[in-house]
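Hi,

Here is the model I promised to pass on. Have a look at it first, and my notes come after.

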Amino acid sequence: MALVRTDILLVMVSSIVLLLVSSQFLKGVKLRMIPTVEASIEAVRVATEKGAPVLFDTGWTGTRFSGNAVNLTTLSFVPATLELAKAMAQEAGRLDTKMVTGTRNPVYALMSRDFIETGYALSGHPDRFDPDNIIFYPNNTALIASEVEMIHRDKVGAAVMIGGHSQSSNIVIYEALASVGAMLVAGEIWPNDNSMAALCADYLSFAEENIAIGAYLTDDPVPKAILAGEDIIKGFLIAVVLFGGLLWGLGVL
Amino acid sequence: MANIPMILGLIVLFLISSLYFMSPGWGPALYIRNSITLSMPFPAAIVVVMLVRKHVNNILKNSESIPYDIIVIAGVVVMSILGFTGGIDNATFKILNENINIIGTMSITSAIAISVFSPMIRIYRAKTPTMALLIGLSCLAYATYTPLGQMIHPVIPQLGDFVQTYIAGASDSAFWISTYIGAMALITKMILLKEKLAPG
Amino acid sequence: MSRINLSDSRWIYLMIFGIITISSVAPIAFPLPIMQWSRDFYNTIEEGVVVDFADPPRNFEGVKEGTRVLILCSGEVDKLWGDMSEAVTVVWKDLMARDAHILLYQSSANNKATLDKYLIPLMYGPNPQNHPDYGTKFVNLGFVPGGTGLLEQWRDSIREITPIDAYGNRLEDLPMMSNFDELKVDCDLMVGLDARGLDAIYVVRYNTPILEMGGTDSASYLASSYTAGYFKGMLMGQRGGAEYELLSGIPGKSFAYLQNALTIGTVMIILMIVLNVNWYLKKGSASAGEVS
Amino acid sequence: MVSPIEPLSPYLNTFIFFACYTILYKHNPIYRLASSLILGVGSGYLFVSQIDAFNKNVASQTFVDGGLNMSMILPWLIGISYLTIFSQKTINIYRTVSIIAVTVGMGIALPYAPAVFWTTTMAYGQGAFAFLKDGISVSTIGTLVTALSYVFAISYFFFTEKASNPTEVPRKLGRLVLLIYTAITIVTAALGKVNLIQWKMLDAIQGYPATWWIPGLMFVAMIVDLFFPLKNLISRD
């Protein structure tokens with residue numbers, strides 16, 4: 001057995017070490033706001049005012065098991081979207097608003113049931129939780145087709161769509177939402193889907209911001225400090241391109 | 001005590017990650033990875049049963065959607081009978097999959113086009129410099145990716161191609177990479193037990 | 001909502017379907033600039049290419065009789081087929097005309113179902129396993145699960161991991177597979193259909209030439225692999241099909257798609273301009289009204 | 001073996017494709033029928049394929065040559081543990097298993113993240129000032145533009161005010177780069193996906209048997225409904 005790809009191992013370990021160090025030394029650093037956190041809770045209120053359900057769609061978010069970086073993105077959305085689902089369920093339970101979720105990932109479907117049930121319990125109205133409103137779809141097509149039908153049928157009042165949708169198909173749901181005048185809060189995992197969100201959403205957050213939602217939903221300074229550590233990595237990558245590139249171009253490296 | 005599942009999860013996470021750096025992979029890590037992936041039919045089957053249960057409940061509640069609930073349940077039942085009796089290579093099972101699922105996927109994917117044209121016509125107004133630029137870039141893209149640009153002047157598709165090849169590609173990378181860095185930060189939060197993956 | 005009026009988005013849908021129908025019924029040929037990545041795609045098949053990520057460089061001399069080509073139907077081909085059909089068809093015809101040895105693999109059950117229904121019958125009839133070329137110039141491995149890990153394992157041997165083809169034949173019984181097993185050396189050319197991740201496994205370590213095909217909008221995420229030199233050429237969408245038809249001289253029906261794209265592109269540009277002018281004029285008259 | 005419904009497949013194929021478009025007119029039974037079929041058949045397909053996979057890979061391998069295959073015990077245990085979600089008393093077992101499922105997925109994919117961001121950044125860096133080595137050409141200017149676009153776009157994602165404030169200009173340029181990407185993606189997505197509609201249209205017109213009359217009938221039904229609501233045929237409510 002041999003150790004391979006040690007350069008990547010070094011990058012991975014040093015990134016995590018740097019973020020761990022940041023978590024202790026960058027506490028209290030000011031972060032920019034992420035629009036979707038407040039807007040998602042507001043979406044529940046908007047739906048309540050309309051007397052309509054609120055849709056929480058996470059699409060592809062969930063477990064996948066093949067070796068490529070793309071799968072890490074759908075997995076990374078799991079904790080943040082579950083925390084958001086819980087916070088929205090708490091508000092929906094308080095306001096007695098129907099919250100319908102849509103996912104195409106079996107493990108995520110079970111996890112969201114657990115989080116949403118807890119959210120309703122925290123609202124003081126556990127009886128308002130209905131497991132039939134946590135809807136699993138076997139594939140992306142069934143998710144889009146069924147949600148479009150539901151949006152037209154139930155005249156959904158607002159939608160929070162934070163997750164992944166294959167081949168920009170999120171815009172098919174956006175168009176249905178626009179036809180019933182629903183508010184849209186969006187944050188997509190993948191860049192091409194995010195372009196569609198930029199075209200249609202009332203509130204938009206970028207992929208990495210969505211992973212950070214959990215840090216914004218807590219008063220704990222440590223998660224925020226870790227986010228600050230991300231900036232150091234980004235700064236380093238920028239330096240690699242500019243200064244490393246210059247040295248490469250000059251033939252020094 | 002509440003943190004034990006997360007600590008166990010983290011140990012497993014780094015155990016599995018080590019496979020990337022080992023050649024060949026080592027037994028315990030492979031065994032855990034394979035056991036988890038092999039168990040995935042359980043949650044999938046559970047959620048499909050829950051989906052059927054939801055539609056049965058609709059029928060019991062005498063909802064207005066009864067005919068459609070019956071179609072959903074019938075779809076699951078028919079496919080199950082065909083698949084379990086004739087195997088997944090059963091001809092009717094395959095035909096239903098190809099002519100409902102696969103074509104349905106293409107239909108929904110194709111609907112993206114209509115869903116883009118419609119808001120473009122509704123929303124694209126040069127109310128701000130950003131929107132003006134977006135409209136200008138959209139015109140350039142339409143001219144580049146259709147024969148129109150070449151018919152007007154060859155420099156148009158050349159410009160559009162340059163923009164897509166050298167700017168759009170870099171933007172795409174930046175988007176992905178910032179997400180990957182976000183994922184690394186998430187795992188750091190998990191190490192510090194600031195992310196628990198269970199409601200509490 | 002039941003009556004159509006001009007502010008109703010349904011007229012937009014109607015217009016688009018009208019354009020598509022007309023383009024489908026009466027396609028016209030248009031001048032078409034050929035993108036560099038499409039030209040590179042054709043040149044790689046016609047003339048070959050040198051790949052020099054690792055030492056020693058590999059000199060691929062183009063597709064000739066017996067050239068071993070692995071076609072990887074990966075990614076989301078099932079969703080993109082309607083945007084890739086003509087490009088894949090014309091390239092496949094060209095490979096067949098050059099007597100290449102074509103090995104096909106699909107990464108998912110849906111991709112398999114898509115090719116089984118739309119491509120393979122077109123090329124090899126309803127029973128491809130009975131086609132005279134089967135086993136000698138074409139082998140279909142079908143859907144083999146395993147993703148990236150599988151491709152890593154196939155580097156050393158296909159037969160060891162995947163002993164049978166899609167129709168139950170043992171690979172050692174198929175003449176074409178006698179020298180097509182250890183992909184890192186036996187594969188002369190890879191053609192990816194929306195396939196990703198091949199560069200890390202094959203290009204940078206074994207200098208395998210890779211060509212890529214995808215949908216029109218796949219270019220946004222595939223372009224960086226082309227500019228980095230991992231892909232030696234790309235064909236994107238039905239336009240890619242039209243470009244390859246022009247370059248190879250093999251007839252197809254891609255120009256119906258181009259006419260559609262041209263008409264829609266033109267209409268969209270005109271609409272954006274007219275609607276903006278209209279909005280601007282209305283805004284001007286509204287503010288004039290407010291002043292007065 | 002040929003399926004008895006084989007002759008119906010072209011009609012079913014065309015019906016499903018165009019039925020999904022009827023929602024553009026309004027919420028209607030044709031769309032509901034198509035979406036219910038997609039959901040039901042898709043769920044059935046998933047159910048069967050998952051059970052089949054479990055049977056092939058686990059169930060049939062559990063007892064080999066009359067003996068218990070120990071390596072199959074864990075997949076069974078983990079699988080059955082998911083069922084504990086339905087009882088509050090045992091829910092922590094389910095939570096542990098689901099957490100491990102997520103972390104295993106993360107473990108598999110985690111190293112690919114630094115691998116990608118490091119190799120991509122290195123590649124962009126090497127291309128940035130290639131013109132110093134290779135001279136000025138469209139390609140070398142292109143790689144410089146790529147590298148700068150990457151730098152600007154990355155800077156747009158800074159989280160902290162400490163990093164954002166001094167980099168206001170690059171961040172604005174980063175916004176521009178992302179805007180360019182957005183505009184191009186939206187248009188290419190639309191043009192790419194419209195090809196799919198035309199592909200099916202050509203199939204319906206030129207395929208055998210011709211099935212163009214199916215969307216034709218749907219269209220006629222919509223036109224009729226526009227002026228004489230078809231709902232009235234069933235109910236006068």
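Predicted model: local features only at pLDDT ≥ 70, side-chain atom pairs only at ≥ 80, totals over all residues.

Residues are numbered from 1 along each chain as its sequence is written, chains are lettered from A and ligands numbered from 1 in the order in which they are written, and side-chain values use heavy atoms, with hydrogens and water left out.

**The sheet in chain A**

Chain A has an open sheet of six parallel strands in the order S4-S3-S2-S5-S6-S7. Its edges are S4 (134-136) and S7 (203-204), each pairing on one side only. (Strands are DSSP E runs of at least two residues and helices are H or I runs of at least four, both numbered from the N terminus; two strands pair if DSSP finds at least two bridges between them.) S5(A), residues 158-164, and S6(A), residues 183-188, pair over six bridges, and Val160(A) has Val185(A) as its bridge partner. Helix H2(A), residues 35-50, lies across S2, S5, S6 and S7 of chain A, at about 150 degrees to S6(A). (Contact means heavy atoms within 4.5 Å; axes are lines fitted to C-alpha atoms, for helices over the stretch in contact, and angles run from 0 to 180 degrees between N-to-C directions.)

**Salt bridges**

Over all chains there are 38 salt bridges, meaning a side-chain nitrogen of Lys or Arg within 4 Å of a carboxyl oxygen of Asp or Glu. Glu175(A) and Arg122(B) form one of them, with the closest N and O atoms 3.4 Å apart. Glu175(A) sits in H6(A) and Arg122(B) in H5(B), so this pair joins two chains. Glu175(A) is buried at 6% relative accessible area, while Arg122(B) is partly exposed at 37%. (Buried is under 20%, exposed over 50%, partly exposed in between, using a 1.4 Å probe and protein chains only.)

Within chain C, Asp181(C) and Arg159(C) meet at 4.0 Å, N to O. Asp181(C) is in the loop between H7 and H8 and Arg159(C) is in H7 of chain C, so the pair ties together parts that are 22 residues apart in sequence. There is also a network linking Glu149(A), Arg153(A), Asp154(A), Glu64(B) and Arg32(D).

**Where C meets D**

The contact takes 34 residues from chain C and 26 from chain D. About 2,800 Å² is buried between them, 64% of it from carbon and sulfur atoms; that is the accessible area (1.4 Å probe) the two parts lose on being put together, summed over both. On the chain C side, Phe17(C), Asp217(C) and Tyr257(C) lose the most area to chain D, together 19% of what that side buries.

One salt bridge is counted between these chains: Asp217(C) with Lys193(D), closest N and O atoms 2.9 Å apart. H1, H3, H4, H10 and H12 of chain C each supply at least two residues of the side touching chain D, and H1(C) gives the largest share, 10 residues.

As for H10(C), residues 219-227, eight of its nine residues are buried, including Tyr221(C) and Leu222(C). After H10(C) comes Gly229(C), with a positive phi near 90 degrees.

Cheers
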